[in-house]
Amino acid sequence: MRNSVLKQTVLAFICLIATIGNLSGQSKVIDIWNGKVPGSIPNSNYKQIVDSAYWIKIRFVTKPTIQVYPAPADKNTGAAVVVCPGGGYYGISFVGEGTEVAKWLNGLGISAIVLHYRLPDDAIMKNRSIAPLQDGQEAIRIVRRNAKEWGIDPHKIGIMGFSAGGHLASTVSTHFNEKVYNPIDSTSARPDFSLLIYPVISMDSTITHAGSRENLIGKHPSPEMVNHFSNALQVTAKTPPAFMIHSMDDGTVPVENSMEYALAMKKHNIPCELHIYQQGGHGYGLGRSKNTETTWTEACRKWLDAQGLLTKNESFVIL
Amino acid sequence: MNIVNLKKVMLAFICLIAINGSLLGQNKVIELWSGKVPGAIRNDKFQPAVDSAAGWIDKRLITNPSLDIYPAPEAKATGTAVIICPGGAYGGLAIKHEGAQVAKWLNSLGITAFVLKYRLPDDSIMENKSIGPMQDGQRAIRLVRSHVKEWGINPKKIGIMGFSAGGHLASTLSTHFNEKVYESDDSTSGRPDFSLLIYPVISMDSTITHWGSRVNLLGGTPTPELVKHYSNELQVNSGTPPAFMVHSLDDGAVPVQNSISYALAMHKFNIPCELHLYQTGGHGYGLGKSANTESAWPEACRKWLETSGFLKLK
């Protein structure tokens, strides 16, 4: 066998392995609390299930995890995004707002970390309204602690959320300094940017998503509790820049949620972009119609590019 | 005069001709009122004046409002038409980057474009300055609608577009199209079929308006009724046409709340509406001139026009 043919064969073989690895969606699953879930109440009757009624989702999460999808080495930008799927704080839409999103981010050279957070439930936690925030803060910290090993720039770690996951993402963006558990070190939980897709932002009864509100803070929350988790009211000068989308005809989460957050960002002079599409309704993930809302992924790519997050960075290529 | 100087003079002369040609756009110009401008006050001090360097028409030019016609190329004509209202704070008209350039872009989409050179509010040439621009706008829509056959336009696909204060005029025409502001027995509808509002002034409310536009249109001390009447977010009704809107969150001239309040009013009446709030851009960028995200608005607009059915070939 001639040398060049040998080389070609070896190359083809390497490509084949890489393709198989990629196709099978090889991701690393990490138990974010190593078995020590803060504020948890042991409950042996509580079992995680996959429920496919209406839409496919995970329910009854007791052991929150992250699924790590590293950016392909040849286009790694060093940027990473922790993805919070939606589901009304009742389920985790882990496919359409999870794995599919991770693959899209990988295509942009971004490492994706899909968070399966605990859903508020008095049966397994002492303080249900902070459980998702605990998981969200720790997810950011884990990514930042492992940045070097995972080929990630510790200053380019974003958070993304869909619907109720957008509430969690905006909560982490505005409550990253709130001490909701004892972290093992001083690693920052502040995301460097937020991507909020048809997000729940407010817990105010006039514009909130009632299901998410009731699941997170109960049927009769105090006004203080409502304000605390109405994230437009919690924006400060430290809140990270945000890219947001919403559909005007969203019949589940009113568009006012995103408008309020954008106006709060403007008040504090924090870079923010909000695309309000005419159609789409709610829960369309990466987009599934031929209407304008399906262009949001391209608008998002442009925004990420304009922030300098899509520049290929050789120093983060893992060999 | 030596040769070099002569060359320079010749060059300057050629440039001057080119600039004038470009400003006039070499297109057909149609007078709106055939000499009978409603509510006009004769004023000989108002002489045509064009500041060509800035691509700006000073208001002294506009005593006889008109439309510049830019027909869609035959091969890609869609039958859709858009009347463009350039901005300029109701004190001038940015007819180049919010007029001619926009018309050429619309032509590339197969849309016939009209640049409206509307009168700017001024007590010395009009009896009621607050309705002057609206009179011209309503008349422009009726004029285009009554010439659809001649110009190859679908009478149900006539949109209005406005930039900045021109966006105030465009939103005024979208909400006050039934208001009788001039005497006429013309029963042609003055309702636009869609609106394209680009960093528009919408409100005259002192908390969010563009102050210069408000003073020029309504004067220094307007009554609360007049303010409400021209705060178009309060005038949206079920007859208001669908809108595509663009604004930058860092707009330091016209607060983004103008567009948000219009979008919320549209939402309230269940009228199709799309609003892109870009992170950057400031104000007055026309079709976009930076490498930032706001320069993507013409593509977002094209997509909206397409999904709304306005870009189908005739």
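A residue is called buried if 20 or more other C-beta atoms lie within 10 Å of its own. By this criterion, 52% of the 314 residues of chain B count as buried. The structure is a predicted model, and the exercises below refer to it throughout.

**Exercise 1. An overview of chain B**

State how many helices and strands chain B has, and what share of its contacts join residues at least 24 apart.

Solution. 
Step 1. Chain B contains nine helices and 11 strands.
Step 2. Consider the contacts in chain B between residues at least 6 apart in sequence: 76% of these join residues at least 24 apart.

**Exercise 2. The length and surroundings of a helix**

Determine whether the span of helix α2 of chain A agrees or disagrees with 1.5 Å a residue, and describe the surroundings of this helix.

Solution. 
Step 1. Helix α2(A) covers residues 95–107, which is 13 residues.
Step 2. The expected span is 1.5 Å times one less than the number of residues, so α2(A) should span 18 Å.
Step 3. The end C-alpha atoms of α2(A) are 17 Å apart, in agreement with that expectation.
Step 4. The buried residues of α2(A) are E97(A), G98(A), V101(A), A102(A), L105(A) and N106(A).
Step 5. An α-helix has 3.6 residues a turn, so residues three or four places apart point the same way.
Step 6. The cover over the buried residues of α2(A) includes the strands β4, β5, β6 and β7 and the helix α5, which belong to chain A.
Step 7. After α2(A) comes G109(A), with a positive phi near 85°.

**Exercise 3. The loop before the helix**

Which residues does P85(A) touch, leaving aside those up to four places away in sequence?

Solution. 
Step 1. P85(A) lies in the loop between β5 and α2 of chain A.
Step 2. P85(A) has 29 other C-beta atoms within 10 Å, and therefore counts as buried.
Step 3. Its contacts beyond four places in sequence are I92(A), S93(A), F94(A), E97(A), G98(A), F162(A) and G165(A).
Step 4. P85(A) and G96(A) are 11 residues apart in sequence, and their C-alpha atoms are 8.2 Å apart in space.
Step 5. Y89(A) is found in the loop between β5 and α2 of chain A. Phi of Y89(A) is positive, near 55°, although Y89(A) is not a glycine.
Step 6. Y89(A) is buried because 29 other C-beta atoms lie within 10 Å of its own.

**Exercise 4. A covered strand**

How many of the residues of β7(A) are buried, and which strands pair with β7(A)?

Solution. 
Step 1. Six of the six residues of β7(A) are buried.
Step 2. I157(A), I159(A) and G161(A) point one way from the strand, while G158(A), M160(A) and F162(A) point the other way.
Step 3. β5(A) and β7(A) run parallel and are joined by five bridges; V81(A) has G158(A) as its bridge partner.
Step 4. β7(A) also pairs in the parallel sense with β8(A), residues 193–197, over five bridges; here the partner of M160(A) is L195(A).
Step 5. V82(A) touches residues including I159(A), M160(A) and I113(A). In the largest nonpolar core, which has 165 residues, those with the most contacts inside it are V82(A), V83(A), I113(A) and I84(B).

**Exercise 5. Where the chains meet**

Which element of chain B gives the most residues to the side that touches chain A?

Solution. 
Step 1. In this interface, 19 residues of chain B are in contact with 21 residues of chain A.
Step 2. The elements of chain B that give two or more residues to this side are α8, β11 and α9.
Step 3. β11(B) gives the most, with six residues.
Step 4. By kind, the residues on this side of chain B are 11 nonpolar, six polar and two charged.
Step 5. β11(B) and strand β10 of chain A run antiparallel and are joined by three bridges; L277(B) is the bridge partner of L274(A).

Terms used:
Residues numbered from 1 in each chain as written. Chains lettered and ligands numbered in written order. Predicted model: local features only at pLDDT ≥ 70, side-chain atom pairs only at ≥ 80, totals over all residues. Helix = DSSP H or I, 4+ residues; strand = E, 2+ residues; numbered from the N terminus. Buried ≥ 20, exposed ≤ 12 C-beta atoms within 10 Å, placed from the backbone. Contact = placed C-beta atoms within 7 Å. Core = buried A, V, L, I, M, F, W, Y, C linked by C-beta atoms within 7 Å. Nonpolar A, V, L, I, M, F, W, Y, C, P; charged D, E, K, R; others polar. Pairing = 2+ DSSP bridges.
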